[in-house]
Amino acid sequence: MTSPLRTAVLRRRIRWIVAGTIAYNVVEAVIALAAGTVASSAALIGFGLDSIVEVLSAAAVAWQFASPDPEAREKVALRVIALSFFGLAAYVSVDAVISLVGNRAPEPSPVGIVLAAVSLAIMPFLSWAERRAGRELGSASAIADSKQTLICTYLSAALLVGLLLNSLFGWAWADSIAALVIAVFAVREGIEAWRGDACKEPISVLTGERAAHEHEH
């Protein structure tokens, strides 16, 4: 059982992590959307939109933990996170398919390559810190938000590969494939976040409590 003092420390830590995540992702979104528009890159635009989704997700958790009783707001926070995932997946999928079947060939984007590499270095740390605090606190929404941040790591890798293949070999289709990878991850995590508040059992799975309990037995 977490003591009241430890609970207060963890809640404050989550608020700081969320604030840092929001600040970074606002900058990331602006750069990615601008570079994606210039290069007509579905993957870069999708990555920028994912950054906006991360801001919405983190903002939902910040709103939750601004309350004296965060648990009372957890259901709404999880719903916001899930819906933002689904919206991202829908837009990116449509844009990637249009790019694949149309005549829009994305241009190489050095700015996008650098951005993806930087995100690949930063996002794992933010995700780990929030998930660790969320697990100890038993917060499903904090863990769901940390998974959203972790997705950014995977997406950074997919984006980096797609942009490099297009830049080095002229494989324009790699950009759209990278965008579709982003969409698949978004759908999967959106479903997990949506189910997170369905009943006590999914939340115990999400926070790791079930696994710990089964290990003890």
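## Burial and surface

Of the 217 residues in the protein chain, 47% are buried (under 20% relative accessible area with a 1.4 Å probe, protein chains only). The accessible surface is about 10400 Å², and carbon and sulfur atoms hold 69% of that (Shrake-Rupley method, 1.4 Å probe).

Bear in mind that this is a predicted model, where local features need pLDDT of at least 70, side-chain atom pairs count only at pLDDT 80 or more, and totals for chains, interfaces and linings use all residues. Residues are numbered from 1 along each chain as its sequence is written, and side-chain values use heavy atoms, with hydrogens and water left out.

## Fold make-up

There are eight helices and zero strands here, so the order from the N terminus is simply α-α-α-α-α-α-α-α (DSSP runs: H or I of at least four residues for helices, E of at least two for strands). Among contacts (heavy atoms within 4.5 Å) with a separation of 6 or more, 77% link residues 24 or more positions apart.

## How α2 meets α4

Helix α2 (residues 42-65) and helix α4 (residues 110-137) have axes that come within 13 Å and cross at roughly 25 degrees, with the axes fitted to C-alpha atoms over the stretch in contact and angles running from 0 to 180 degrees between N-to-C directions. The two are therefore roughly parallel (angles under 35 degrees).

On the α2 side, L44, F47, E54, V61 and F65 make the contact; α4 answers with G112, L115, S119, M123, E130 and L137. By class that comes to seven nonpolar, two polar and two charged residues, with Gly counted as polar.

Note on methods
Buried < 20%, exposed > 50% of the residue type's maximum accessible area, 1.4 Å probe, protein only. Parallel < 35°, antiparallel > 145°, perpendicular 65-115°, else oblique.
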